[in-house]
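Please read the following points alongside the sequence and the model. They are set out as a colleague's notes, one topic to a point.

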Amino acid sequence: MSKLVIDQVGKSFPARHGGQATRALLPTSLSVADNDFITILGPSGCGKSTLLRMVGGLETPTEGRILLDGEPVSGPGADRGFVFQSYTLFPWLTVAQNIAFGLREKGVAEGERLRIAADWAGRIGLRGFENHYPKQLSGGMQQRTAIARALANDPKILLLDEPFGALDNQTRALMQEMLLGIWERERKTVLFVTHDVEEAIFMASRVVVISARPGRIKADIPVDLPHPRPYTIKTTPDFVALKERLVEEIRAEVMASAA
Amino acid sequence: MKLLQPVSAPSRIGLGLAFFALFVALWSVATFGGFVQKLFLADPLTMLGEGYNLLVRYGFSFDIAMTIWRVVGGFILAVIVALPLGILMGAYKPIEAFFEPFVSFARYLPASAFIPLLILWAGIGEAQKLLVIFIGSVFQLILMIAVAVGSIRRDLVDAAYTLGAGDRSVVMRVLLPNAAPEIAEILRMVLGWAWTYVIVAELIGSSSGIGHMITDSQALLNTGQIIFGIIVIGLIGLISDFLFKAVNQRLFPWAAK
């Protein structure tokens, strides 16, 4: 049974100053199986973030419906963890307090909150940084904390909107390995939006390619690479073949949107 | 001197004191040198002597205490009203749309112009003094607090919602802590303005306070006392400013640059 069902979901932004309404996403359908890791790949401005934000409840679909475990999504909630591209740690809270933010909303007792926060700080390699403020952390450390903050809530699904987009290449590669490692151990359902082909293949069990605006699903490609995946897998023939195919798909879309 | 280059702490203090010294030096030249008549401007030494007289013989410390209590009292009343209203206005745009135009209008009404009216309504007692401070600071506080609360990054609010926070939680756990350092800074600034209103309030219809002492001294042509009174106000302002800054830095270590 599908964990998440996106059923003919589309989005238009209303017209401004008498202009035409903007079509961000054509009616789109997608089913996500439990514990699947799906990356949504597309050129900038194709509506992939809009789709993710609608699943997160941060935007309302113009048409269609979204079901999580059979329940319709209406507004944001703790059952869908969200990691943003921008740095969204609360600057007035320490790493541990940030990780425990959602737990406090749920009414978890303080001792238990501290235990879970310390546990997650360890899992993302930030043991010893529990009492640091976000401004004392590097960009990569901040995004790791943001992932831990979302996962500490134990959501049904984890939604990530280009979370490593602002990081340098080396840090980005390490973050991908860390996230994949967490997924291999925890088996969460993950929806990951990116415009980076290599990133999309490396972590995914399925890559969904979105076309240039107005967005629609152009291809849905399974990634049958074995787990665990070391970073060296990026140079294997299977990986390279998949990459070539996806680069071709994306290239056509970028050219279409530039034309 | 290089453009925008910061100075070290010792040289900053040194430079700051240097201007005070220069100021007193110019004042001394003007008065001791006989360029200005004693009747119009007392020299620094006479001023200090008069200050000593005021404090020791005329119980000036009681006036100082009265003035401080009026400023602090009126200011606290204004904060009690402005804080919840400002927060609500910052968080909920229809509430802001309801109050903002009136408050913007009211903040340009000069508090000192209300004094005759307030004397009519509240007499010349303490209530009138507190009301002057209240009117002078409450509208400024409301508007500035509303802006501070409303200027939150949208993605921080979104993040809180996706972590399961409700509206009330977002206000208490996101909007408020986010705005807290700026609100503290606003309080510091507006308290400074409140000091100017209290003296005006005390100049008219008062029997105690620094402002009252200044009007009394004017009748006696005692410029030394007047200048001493003004300097005391300046010193108290400087001290309260310094305390506020120290407390703010301590309360909000995450916001320090």
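**Notes on the predicted model**

1. A:E249 is partly exposed, because 18 other C-beta atoms lie within 10 Å of its own; here a residue is buried if it has 20 or more other C-beta atoms within 10 Å, exposed if it has 12 or fewer, and partly exposed in between, with C-beta atoms placed from the backbone. A:E249 belongs to helix α8 (residues 237–258) of chain A, where helices (H or I, at least four residues) and strands (E, at least two) are DSSP runs numbered from the N terminus. Leaving out residues up to four places away in sequence, A:E249 touches A:V209, A:K218 and A:A219, contact being defined as C-beta atoms, placed from the backbone, within 7 Å. The C-alpha atom of A:G128, 121 residues away along the chain, is separated from that of A:E249 by 44 Å.

2. This is a predicted model, in which local features need pLDDT of at least 70 and side-chain atom pairs count only at pLDDT 80 or more, while totals for chains, interfaces and linings use all residues. Residues are numbered from 1 along each chain as its sequence is written, and chains are lettered from A and ligands numbered from 1 in the order in which they are written.

3. Chain A is divided into domain 1 (2–89 + 157–258) and domain 2 (90–136), with bounds that come from an automatic or database domain assignment. The C-alpha centres of these two domains of chain A lie 27 Å apart, and their contact takes four residues from domain 1 and nine residues from domain 2.

4. Between the chains, 22 residues of chain A are in contact with 14 residues of chain B. The elements giving two or more residues to chain A's side are β6 (80–83) and α3 (101–106) of chain A, and α3(A) gives the most, with four residues.

5. Chain B has 10 helices and zero strands, and its C-alpha trace spans about 75 × 55 × 30 Å along its principal axes. Of its 257 residues, 34% are buried.

6. Two cis peptide bonds deserve a look: one joins A:R213 and A:P214, with omega of about -5°, and another joins A:H227 and A:P228, with omega of about -10°. A:P214 is found in the loop between β9 (206–210) and β10 (217–222) of chain A, whereas A:P228 lies in the loop between β10 and α8 of chain A.

7. Phi of A:Q8, in strand β1 (residues 2–13) of chain A, is near 50°, and A:Q8 is exposed, with 12 other C-beta atoms within 10 Å. Phi of B:L221 is near 55°, and this residue is placed in the loop between α9 (210–219) and α10 (223–251) of chain B.

Key. Two residues are in contact if their C-beta atoms, placed from the backbone, lie within 7 Å.
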